Amino acid sequence: TAAAFVPASASVPSRRLSARQFGAAGDGATDDTAPLQRALDATFLQGGTILDIPPGDYRVTRPLRVVFSRDTTGNLARQCGIQARGARLVSEITGGQDVLHLVSNATVRFLVLDGLAILGRGREGRGLVLECDRHGAYLYNVCLRDIVVEGCGGDGGLMIGNVFESQIFNSYFRDNHGSGFVFSHGPNGGILSAIHVFGCVFGQNREQGASLARGCYDVSFNG
């Protein structure tokens with residue numbers, strides 16, 4: 001529901017950016033790695049920002065990485081994230097590196113990833129990683145909606161560490177060489193809990209569909 005997607009307590013984003021402003025072409029031929037990384041840096045350094053990635057195929061040849069820290073982004077309590085309906089990251093990454101990796105070393109609430117597709121070639125690592133495994137750092141109220149991750153050389157997705165009260169809606173993690181999606185406590189003591197999965201497909205992956213690791217158990221699957 002809309003209330004789950006934009007919780008009543010979340011402040012609305014203060015502004016929006018477009019990947020086009022940073023030179024991303026989305027034409028399936030141009031290497032869009034650098035402009036997409038610039039767009040991600042600007043989005044999360046400012047805080048309270050939504051990045052729009054217009055429809056298209058965006059070639060990426062190196063990992064895209066976002067690090068939330070108290071020194072750069074600060075703690076974020078306003079909704080921020082990526083809206084990318086019709087946009088697909090087409091990976092040409094090699095060496096087992098992840099396609100899109102978000103790491104929180106701060107407290108971040110109301111992070112939204114909406115409509116993004118990731119197509120792997122089998123030579124990268126995971127398609128999507130959300131990591132928060134540092135003492136005193138937390139990811140709250142993450143929302144993944146209408147995400148597609150397929151064909152990656154590792155797991156389709158990984159959510160690990162201090163991630164709380166978060167949801168995944170109507171998403172597909174399929175044909176990946178690892179598991180479709182892994183939910184895990186962190187090796188440094190991060191505890192994942194209160195994760196709710198609605199109407200998702202974890203099919204035709206080489207390992208597990210959805211996997212709970214390191215003693216993680218507080219994940220519910222519905223529909």
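This briefing covers the strand pairing, salt bridges, cysteines and one surface patch of the structure above. The model is predicted. The search for disulfides across the whole structure returned zero.

**Parallel sheet**

- Strand S4 (residues 56-60) runs parallel to S7 and is joined to S7 by five bridges.
- Within that pairing, aspartate 57 has arginine 88 in S7 as its bridge partner.
- S7 and S11 also run parallel, with three bridges joining them.
- Arginine 88 has alanine 117 in S11 as its bridge partner, and arginine 88 is also the bridge partner of aspartate 57.
- S7 is largely enclosed by the rest of the structure, because four of its five residues are buried.

**Salt bridges at arginine 126**

- Side chains of opposite charge can pair when their charged atoms come close.
- Aspartate 98 and arginine 126 form a salt bridge through their side chains, at 3.9 Å from N to O.
- Aspartate 98 sits in the loop between strand S7 (87-91) and strand S8 (100-105), and arginine 126 in the loop between strand S11 (117-119) and strand S12 (128-132), so this pair ties together parts that are 28 residues apart in sequence.
- Aspartate 98 counts as buried at 12% relative accessibility, while arginine 126 counts as partly exposed at 28%.
- Arginine 126 also meets the side chain of aspartate 155 in a salt bridge, at 3.6 Å from N to O.
- This second pair links distant parts of the chain, 29 residues apart: aspartate 155 is in the loop between strand S15 (148-150) and strand S16 (157-161), and arginine 126 is in the loop between S11 and S12.
- Aspartate 155 counts as buried, with 13% relative accessibility.

**Other salt bridges**

- Arginine 174 and glutamate 150 form a salt bridge in which the closest N and O atoms are 3.1 Å apart.
- Arginine 174 belongs to strand S18 (residues 172-174) and glutamate 150 to strand S15, so the pair ties together parts that are 24 residues apart in sequence.
- Arginine 174 has a relative accessible area of 28% and is partly exposed.

**Cysteines**

- The whole structure contains zero disulfides.
- Cysteine 80 takes part in no disulfide, and the nearest cysteine sulfur, which belongs to cysteine 143, is 12 Å away.
- A disulfide is counted when two cysteine sulfur atoms lie within 2.5 Å.
- Cysteine 80 is buried, its relative accessible area being 1%.
- Cysteine 200 is likewise in no disulfide, with the sulfur of cysteine 143 as the nearest cysteine sulfur at 10 Å.
- The relative accessible area of cysteine 200 is 13%, and this residue is buried.

- Leu212, Tyr217 and Phe221 make a nonpolar surface patch of about 340 Å².
- Leucine 212 lies in strand S21 (residues 210-213) and counts as partly exposed at 36% relative accessibility.
- Phenylalanine 164 lies in strand S17 (residues 163-169) and is buried, with a relative accessible area of 14%.
- The C-alpha atoms of phenylalanine 164 and glycine 209 are 21 Å apart in space, and the two residues are 45 residues apart in sequence.

Note on methods. Residues are numbered from 1 along each chain as its sequence is written. This is a predicted model: local features need pLDDT of at least 70, side-chain atom pairs count only at pLDDT 80 or more; totals for chains, interfaces and linings use all residues. Side-chain values use heavy atoms; hydrogens and water are left out. A salt bridge is a side-chain nitrogen of Lys or Arg within 4 Å of a carboxyl oxygen of Asp or Glu. Helices (H or I, at least four residues) and strands (E, at least two) are DSSP runs, numbered from the N terminus. Buried means under 20% relative accessible area, exposed over 50%, partly exposed in between (1.4 Å probe, protein chains only). Patches are made of residues with over 30% relative accessible area and no salt bridge: like charges are joined within 9 Å, nonpolar side chains (Val, Leu, Ile, Met, Phe, Trp, Tyr) within 5 Å. Accessible areas come from the Shrake-Rupley method with a 1.4 Å probe; for residues, only the protein chains shown count as cover. Two strands pair if DSSP finds at least two bridges between them.
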